[in-house]
Amino acid sequence: MHFDAALVRKYDQFGPRYTSYPTALQFSTHFDARCGADTLSVSNRADAPPISLYIHVPFCESPCFYCGCNKVITRDRERAWVYLAHLYLEIQAQAALLSKDRIVTQLHLGGGTPTYLSDTQLADLMRVLRQNFNMRTDGRQEYSIEIDPRTVSADRLSVLASLGFNRISLGVQDLDLAVQSAINRVQPPETTFNLIDRARSLAIHSVSIDLIYGLPLQTLCSFSQTLDRIIEARPDRIAAYSYAHLPHAFKAQRQIRLEDLPTPEVKLALLEMTVEKLTAAGYVYVGMDHFALPHDELVQAQLNSTLQRNFQGYSTHAHCDLIGLGVSAISGFDRAYSQNHKSVGAYQRSVALGGFATERGVYLTDDDCVRRTVIQAIMCASRVNYSEIESRHKVRFVDYFQRELKQLEPLAYDGLVVLSPQALEVTGTGRLLLRSVAMIFDAYMHIKSTETAQPRFSRTV
Ligand code: SF4
């Protein structure tokens, strides 16, 4: 991969992260709870894929000022029991419609803060999941949980491992105390490193660290030190996200002083330094913000062409049906996406009425499906083989995407892609700008005016 600052600056634009296609902006409230239930039933076809479960735990003890997640800030632990009671209703309703022979091969607890739940609550949740779903237990299952290191001691990590979690993701963002204070997330580095150390002695196969560049008071010097210390700890995966300052959309971000944010030039330099340091340290750039050590399953999945992009970022399990449970959770199937209500109150009222909490969604057209395959190939493999699209979707690529291939010509001229009669290949320079390439195949980007679409998305850098 080659970092070209001038090109990154030129193509830095607002755009979707393509965790789905069509993106959530296309979801409609015409798609209701009945549609959600029907979609789940229909998914039980003879060649139905395995299941990936996502469970959203929305609670956090205090707000991190950069955060754009769907969350509820509360110290009232009783709310978690009430929420779990409703989550169990949803689990039972969904499981009742799912063929019992469909195996759950992947589980991900995200938030909010899943570790806001006590050990007792997490054990209870796992018990209910095992009672209702056919959870894989042959050692090849992936059970992952997002951990706020402020809520988990090394000893508590042992409890999580005993509950079956074999992959963890630690929210770190930055180790510098001034930056941590500016984002209202003071987290002594030792808490993070103790957890990484303990994970190695447990049956935890993958440790992932989340960092953010572009945070208030971040400097090249301070972030360089953060990167060095994280690299030294050798987590299997590192996600380095760009901070998207969208205070009109996320209230907590209004606490961040504009004058404390790095300038665009510094932010670009932070990205360049991150890419250079991580790749020099042996991390492989998987795509959109994600780096992993060569032995990691993400890198292996990319080599085997089984890498997939979904609502959790990159995933090793291609072709799973995704069932999202809990407030705001998104489900994804072959021909449909659906999303639950985004407020805890509306979510709980809806599941209390009928078990489902679908608020909106979308059925995919044939055109959506072919474009989704192309966008997945760009985001995961950095390459689109025309013949694969043609045999899967019964279209002639160069005819179907005549307009898009024309639009790619300036990107080819700039060295972001190479176009041949057989394939589109994203170059080493273009790999940092994957979504700029993917956006060309997004039919909805052509429909919406740039002005209306812009504020809903983050920028590339
Ligand atoms: S970053 Fe995580 S812990 Fe912080 S407020 Fe957001 S969801 Fe909660």
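Two strands pair if DSSP finds at least two bridges between them. I take helices (H or I, at least four residues) and strands (E, at least two) as DSSP runs, numbered from the N terminus.

**Entry 1: the model.** I noted that this is a predicted model, in which local features need pLDDT of at least 70, side-chain atom pairs count only at pLDDT 80 or more, and totals for chains, interfaces and linings use all residues. Residues are numbered from 1 along each chain as its sequence is written. I looked up pLDDT, the predictor's confidence in each residue, from 0 to 100. Its mean over the protein is 93, and 97% of the residues reach 70 or more. Over residues 449-454 pLDDT stays under 50, and there the model has 4 contacts beyond four places in sequence. I count two residues as in contact if their C-beta atoms, placed from the backbone, lie within 7 Å.

**Entry 2: the sheet.** I examined an open sheet of 3 strands with the order β19-β21-β20 and antiparallel pairing. The edges are β19 (383-385) and β20 (417-419); each has a single partner strand, so one side of each lacks a neighbour in the sheet. Direction ignored, neighbouring strands are turned by 10 degrees against each other on average. I found 3 bridges between β19 and β21 (residues 423-426), which run antiparallel. Arg383 stands opposite Glu425 in β21.

**Entry 3: helices on the sheet.** For angles I use axes fitted as lines to C-alpha atoms, for helices over the stretch in contact, with values from 0 to 180 degrees between N-to-C directions. Helix α12 packs on the sheet and touches β19 and β21, its direction making about 135 degrees with that of β19. Helix α13 (residues 386-393) lies across β19 and β21 and runs at about 55 degrees to β19.

**Entry 4: the two domains.** By an automatic or database domain assignment, I have domain 1 (1-18 + 365-461) and domain 2 (23-325). Their centres, taken over C-alpha atoms, are separated by 26 Å. I recorded 21 residues of domain 1 in contact with 22 residues of domain 2. On the domain 1 side, α1 (5-11), α12 (366-381), α17 (434-438) and β22 (458-459) each supply at least two residues. The largest share of that side, 4 residues, comes from α12.

**Entry 5: Pro49.** I located Pro49 in the loop between α2 (33-42) and β2 (51-57). Residues up to four places away in sequence aside, Pro49 touches His319, Cys320 and Asp321.
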